[in-house]
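Colleague: I am new to this structure. Could you take me through it?

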Amino acid sequence: MRILVTNDDGIHAPGIAALEEIAHALSDDVWVCAPSDNQTGAGHSLTLAMPVRLRKHAERRFSVTGTPTDAVSIGLKQVMEGEPDLILSGINAGANLGDDITYSGTVSAAMEGALAGVRSIAMSQVMKQDRPAWGDRFAAAREWGPKVIQPLLGTPFQPRTLVSVNFPCLAPEEVMGIRVARQGFHDYARASVVEGRDPRGQRYYWFGLDAIEHTPDHGTDLEAIAAGYVSVTPLQLDLTHRASLEPLAQRFNGR
Ligand code: MN
């Protein structure tokens, strides 16, 4: 089995090292192609207005000066010898739950993999800001990652679908189990914007990532994580809202 590992936190992030360990336990044919820098929040963006440079760090280990989507695309087209059987994206330092998915570079890398017809799984470790930065913050993902991946390897993925996995912010032995859950939604709140002045007196704005509330809703990824479970959410690239097709068609009928 040939595996491509990528992420959005960058090739030097601790989360990708944890994911590489998981991948190497599954296969000896593991390739890495990830952004050179932190691309959190890049969504499914492509670098178009400037060139992307590729750097080799070690055998089968590369970075690109671009987005997670660039990394998967270049990984598949330029770096790898032959198509992978599996793309693993992560392990993201932070949750990708509910509507966060559309901002997520981690999930978008898996979306790019799904578009290319490769079985793709995004993995994110929920973290809390007040939790100490030291210690193994990816312990739950390390322990539970293989337990999630193994059954997914034997499951057929429909075309243009992927799976997003979130691990709760708990010690591995505190995790309740695994739940398949649909994508939930947050109560809409704009990310906090902090205004400040840089050392040269120019004003800047910096987005914060405060915890956003959600109204409890049954069967969602948010609920599963809140209850201490690993959430496993199948996603599709087709964003069409099918129930609106017919009413809209009637609206435009004859125009
Ligand atoms: Mn990230």
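Predicted model: local features only at pLDDT ≥ 70, side-chain atom pairs only at ≥ 80, totals over all residues.

Modeller: Residues are numbered from 1 along each chain as its sequence is written, and side-chain values use heavy atoms, with hydrogens and water left out.

Colleague: Which residues coordinate the manganese ion?

Modeller: Donors are N, O and S atoms within 2.8 Å of the metal (3.2 Å for Na, K and Ca); water is not among the atoms, so sites may look incomplete. Here the distances run from 2.1 to 2.4 Å. Along the chain the donors follow the spacing D-D-x30-T-x51-N. They are Asp 8 (OD), Asp 9 (OD), Thr 40 (OG1) and Asn 92 (OD1).

Colleague: Is Asp 9 buried or exposed?

Modeller: Buried means under 20% relative accessible area, exposed over 50%, and partly exposed in between (1.4 Å probe, protein chains only). Asp 9 has a relative accessible area of 14%. That makes Asp 9 buried.

Colleague: And how does Thr 40 count?

Modeller: Thr 40 has 46% relative accessibility. So Thr 40 counts as partly exposed.

Colleague: Which elements do the buried residues of α2 pack against?

Modeller: Helices (H or I, at least four residues) and strands (E, at least two) are DSSP runs, numbered from the N terminus. In α2, 9 of the 12 residues are buried, so the helix is largely enclosed by the rest of the structure. Among them are Pro 68, Asp 70 and Val 79. With contact meaning heavy atoms within 4.5 Å, they pack against β1, β2, β3, β4 (61-64), β5 (86-93) and α3 (105-115).

Colleague: Which strand gives the largest share of the lining of the second largest pocket?

Modeller: A pocket is an open set of points on a 1 Å grid over the protein atoms alone, where a 1.4 Å probe fits, with protein on both sides within 12 Å along at least five of seven lines; lining residues have an atom within 4 Å of a point. The lining includes Ile 101, Arg 182 and Asp 238. The largest share, 4 residues, comes from strand β11 (residues 229-236).

Colleague: Where is Asp 238 found?

Modeller: Asp 238 is one of the residues lining the second largest pocket. At 28% relative accessibility, Asp 238 counts as partly exposed. Asp 238 is found in the loop between β11 and α6 (245-252).
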